[in-house]
Amino acid sequence: MTALDRKLLRDLRLMWSQVLTIALVVASGVGGFITSLSAVDSLALARERFYASGHFADVFASVKRAPNSLAATLLTLPGVADVQTTIEQVVRIELPGVLDPVLGQLIGVDARVPARMNLVTLRNGRLLDAGAEQAIPALVSAGFADARGLRPGARLSALINGKRRTLQVTGIALSPEFIFAGMQGAPDLRGFGVFWVPRDALAAAYDMDGAFNRLAIKLAPGASERAVLDALSAQLTRYGSREAHGRKEQTSHAILDSEIKQQRVLGTLLPLIFLGVAAFLLNVVVSRLVATQREQIAALKALGYPNVTIGVHYLKLVLVIVIFGSILGVGLGNVLGRQFLHLYAESFQFPSFQYTMAPWLLLVSISITLVTAALGTLNAILATVRLAPAEAMRPQAPGHYRRTLIERLGITRIPPALRMILRNMERRPLRTALSIGGVAASVSIVVMGNFFSDAIDYVVDAQFNVGLRSDVVLWMPEAAADSARHELARLPGVTMVESGRDVAVRFINGHLSQRGAIQGLAQHAQLRRIVDIDKHVVNWLDDDGLVMTDRLAAKLGLKVGQSVRVEVLEGAQRTVAVPLAAVVREMMGLNAYMERRALNQLLQEGDLSTQFALAIERGREPELLLASKQLPRVIGAFSKATVLRNMQEVTARNIRIMSTVLTLFATVIAVGVVYNNARISLAERTWELASLRVLGFTRAEVSGLLLGEMAIGIALALPLGMLMGFWMVQLVSQLVASDQFLFPAVIQPSTYAWSALVVLSAAAASALVVRRRIDKLDMVAALKTRE
Amino acid sequence: MTDATAAATPTAPVVFSAHALCKVYRSGELEVHALRDVELEIHRGEFVVLLGASGSGKSTLLNILGGLDVPSSGEVRFGDTVLTAASEKDLTTYRREHVGFVFQFYNLIPSLTVRENLALVTDIAVNPMSVDEAIDRVGLTPRRDHFPAQLSGGEQQRVAIARAIVKRPDVLLCDEPTGALDYVTGKLVLEVIAKINVELGTTAVVITHNASIAGMADRVIYLGDGRIQKVEMNAHKISPSELKW
C-alpha cells in the first residue's frame, strides 16, 4: 500500500463521524430511491406475469340475460378473438359469528369446459367437485379467505335469490380479475369475497339455464378496443346491457393501475428530490472538506506529487464514502423494498410476488451520487491545485472584508461579535447561501416526507367525518319504493334515515363521453354530503341540474350552464339532456349528483330509492346489522366503521409507513448536513478562533462566534426550508393528481414543527460537539502552524 | 545592482543560475516587488545562506529556485534546464526528482507516521535511499513509528529534513528551518543539514534572518528590498555547534 493510500485510510478514520454522516446522507438518498421504485417495479412485474399466465381478458360486459348462443355471434365481430361467458351475482354472505356486512360475488364456472380467460389459480385445496348434499362447493378468493381465516372445508351461507344456501369451501383461489378485490374501490378484504361456484347451481338459482349475464372478450392483435366496444354495445342493448368496458374501467385493473402510476410518480419524484438534495449536500460538504486540506495539498505538491495524483487521492477519499453510503443505501433499499412489497401483498393478491431490483435503479442512483460527489471534489481540488504550491502553503490571504449591508445602511451599533459574524457571512455570499440552502433543503424534505401522513388524515376526515355522516348505508339490488324508508326507521337504534338513488349512466358531450353514475341525494342532505377539497359542504342541489366533480366536467368539456346528454344504462334505457348547475372540487372520484326526486322525475319513474343512509344511536350498530339481515330486499350494508377501519388498516397505513420511511430518510439527511456544516466551519476557522483565545476571548465568546453564525444560518434556513417544502408539496400533489384523485396539499403545523425540531436538535447536538472541540483548542499549536 | 556571480566558488559546476529575476505580487491595488533584477549562481556542493530581514525577498527567491513559484520576469536555470520556461508538469517532475524542501513549519502530513511521511516521497522518487537510512541520518530511529503530533518541534523538523533527503536530492532548500525552534534544538537541526551537505554532497540553500547562522555557510548572500545587497565568502566555516545567538 502506498503512503498516500495509508494517509487516505487514516484520514477516513480520523473523520469517522463526518464520514459516517455523509455516508448516511448518501444511503438515505439511494435507499429512498431504491425502496419505492423497486417495490413498485416488482408490483408491475407481478401484474404483467399474472395477466399473461391468467389470460386476463381485454373487454368486459354485463347484460341482464342473454342466451349462450349469442357468444358465437359475438365471436364473428371484427377484432374479437375469443368470447367467454359466465353467470355472476352479488349476494349477501353470512359468516358464523360475524355481524359486519359481507358481500360475495358469485361466479358460475363450468368444470367441464376449461376457462380460456381470467383463469382461476388454485392456491390450496381442491378444485370444484360435487359438494356435499345441499351445499354448493366454492373456491374462495385468497384475500377474503385470509382475512376471514377460511380454509378448505369451511362452511358459510349466502343469500342466493332470497334463499339462504350453504357454501362449502373446497379451495382458495386467485384470479387476474380480482388482484384487487373490493366494492367501490375501497380495499375491503374482510367485507368482500369472490366465490367461484358450479355454473349449474347458479343458473338454477337465478333461472339462467342456457344463458349468461357477464362476458369477457379477448381482442385480436391490433384490434381497436373502441370499435369492439361500440359493436358490442349495439349487439347487447336488447339483452339489457349494463356496461361494456375495457381493462381501464375494470375495477381491479383500474385500482392496481392507479396505484402503480401513483407510486411510480411518488416513487420517482420523491426519491429524485431526495437524491438531488443529498447529492447537492454531498457536493457542498465534500468541497468544503477538501478545501480544509489546502495545506496538505500544497505539501504534497512541494514533494513533487502531480495534480492528477492529488486529485485522484481526494477523489478516492470521497468515493470510498459515497460507495460505503451507496452499499448501505442499496442494502436498506433492498430490505425496505421487500417490506413495501409485503404491504402491497396484503392489498393485492398474486400467485407469486417476486422482489426484483432492476439494475438501472442501482445504476441511476449510484451514478447520480458518484458524479455529484466527484464534481464537488474536483471543484474544490481544482481551486487548490491551480495555486502555485508556495501560495497554497501560505495561509489564505486575508479576505476583503467590508462593512456589512446593515452597517452601510447606517445601523452601526452592532456588538463586535455579531459584526464579525455578519461580515464573515457577507464576505462569502455563495458559501453562506449554499450552507443555508443546504439546511433549507433538508428542512423541506422533512416537510415533504411527513406531508403524506397529513394528507391522508385530511382525506379521511373530509370523507368520513364531514361528508359521510351516516353510520350504515343499506342498499337494494334494484330501485325500490322510497316508502321502505319508514320501515327502516323502525329498526333498532335508527335515529335518522336519508334515502338516495344511484343510477348508472353515460355522459355525452359532443364527441366526449364518460361512463359513470348519477347519485341522487336528499335536497338538504345531512348524512351523505358532498365535500370539496377545502372541506366545504356543498348543500345546494338544484331542482333539476347536475353537480359534477370538476374533473368530470373538464373531461367532458362542460361548462356550468351547458347541457350534457345522459344515457341511462339501466332499466328503461333512455337518453335525456340535463344542465350542469355547478362543479365541485372533490378529492376522490368522478362524481355527478342530483336531487333524488329530480332524478326520479328525469327518469320518469316514481318515488324510488336504491339506498338508505342511517344514523344510529351510539353502540347499537351490531343490533341494527343483525336486524338488517332479516330484510331480504337489502343486498348489502356498508358500515362506516368497517370501511374506515379497512381504510386505516390498508391504504392509510401504507401511506403512513411510506411517509414515516421518507421522514426518517429526510431526518438523517438533515442531521448529516447540519453536523457537517458545523464541523467544517470549525475546521476552516480553527486558526482564527485560537487567535482570539490568545487575545483573551473566553471559550464562550469564541464558541459564540461560530455557533452564532450557525444559529443565524439556521434561523434563516428554517422559514426558507418550510417555504420550499410548501412548494414541493404543491408540486407533488399536482403531479400525483389523477382523474380519480386529487391529493390535498395540506401541511399540518405539526409537520412544520417536526421539521424544525429535527434541524434544531441536529444543530444543538452539533453545537455541543463543536463547543467541546473549541474548549480543547490548542492555542499554541494553532498559532505555530501559521505565520 | 550587486551581483553574486563573481563571488561564486569557481571550481564546482553551476547548479542554479538566475538572471534578471523579478517577482511582483499584486494584492488588490498594491504592487509588491519581492525581487528586483536578481543575478545569482550557486554551485554543486555549496552551502549557501540567504540572509535578510522579513520581506527582503529571500523566501520568494527560494520558492522560485525550488519550482514552487514562478518569477514575473527573468530566467532561472537548474543545470541546463530553464525553469522559467518549464510547464507546471515539468516543475512537478523537477521537484520530485531534484529538490528536497524543509519548511519553517515542517508541513508533515499529520495522519502519517515518521516512516510513512518518508514513504510518501520514496513512493514516487526515482532512486531514493531507504527510509530507515534517512531516519537514521537525522537520528530519529527510536521515534520512527510516531505520528507528528507525538514529536517535539525539533524532531518534526528533523523528520522534514529526512523526508527532504530520502530521495537523494541535488539541492536541499530550507526556509527558516530553525525559525520555530529553540536555541538548542535549532542548532541540532542545523548540524543535521550541515552533515547532509558534507556527507552526501548535496547543495544546501538555507534561508534565515538570524545572522549568527551565517558562520556555517560557504557563502552568505544578503538580501534587502528584493535585491542582493552583498555577498560574503567564509574562508573558515565553523561547525553549527560553535554557533551562538
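**Two loop stops in chain A**

With 19 C-beta neighbours inside 10 Å, N118(A) counts as partly exposed, because buried would take 20 or more. Select N118(A) and look around: you're in the loop between β3 (102-109) and β4 (121-125) of chain A. Keep in mind that this is a predicted model. Now check the backbone: phi of N118(A) is near 50°, which is positive although the residue isn't glycine. Most residues other than glycine have a negative phi.

Next, jump to H55(A), in the loop that links α2 (16-53) and β1 (59-67) of chain A. Here too phi is positive in a non-glycine residue, at a value near 45°. Is H55(A) buried or partly exposed? It has 16 C-beta neighbours inside 10 Å, so H55(A) counts as partly exposed.

**A helix pair**

Stay in chain A and select residues 429-467, helix α14, together with residues 749-775, helix α22. The crossing of α14(A) past α22(A) is right-handed.

Want to see who touches whom? Show side chains on the α14(A) side for V439(A), S442(A), V443(A), V446(A), V447(A), N450(A), F451(A) and D454(A). Across from them, α22(A) brings T751(A), Y752(A), W754(A), S755(A), V758(A) and V759(A). Colour this contact by class and you'll get nine nonpolar, four polar and one charged residues.

**Where chain A meets chain B**

Zoom out and bring in chain B: 23 residues of chain A are in contact with 22 residues of chain B. Which helices of chain A each supply at least two residues to this side? Select α1 (3-14), α8 (294-302) and α11 (389-393) of chain A. The largest share, seven residues, comes from α1(A). By class, the chain A side has 13 nonpolar, four polar and six charged residues.

**A sheet in chain B**

Zoom in on β6(B) and its partner β7 (residues 171-175) of chain B, which pair in the parallel sense over four bridges. To finish, pick G100(B) and look across to L172(B) in β7(B), which stands opposite.

Key: Residues are numbered from 1 along each chain as its sequence is written. Chains are lettered from A and ligands numbered from 1 in the order in which they are written. This is a predicted model: local features need pLDDT of at least 70, side-chain atom pairs count only at pLDDT 80 or more; totals for chains, interfaces and linings use all residues. Axes are lines fitted to C-alpha atoms, for helices over the stretch in contact, and angles run from 0 to 180 degrees between N-to-C directions. A crossing is left-handed if the near helix is turned anticlockwise from the far one by less than a right angle, and right-handed if clockwise. Two residues are in contact if their C-beta atoms, placed from the backbone, lie within 7 Å. Ala, Val, Leu, Ile, Met, Phe, Trp, Tyr, Cys and Pro count as nonpolar, Asp, Glu, Lys and Arg as charged, and the others, Gly among them, as polar. Two strands pair if DSSP finds at least two bridges between them. A residue is buried if 20 or more other C-beta atoms lie within 10 Å of its own, exposed if 12 or fewer, and partly exposed in between; C-beta atoms are placed from the backbone.
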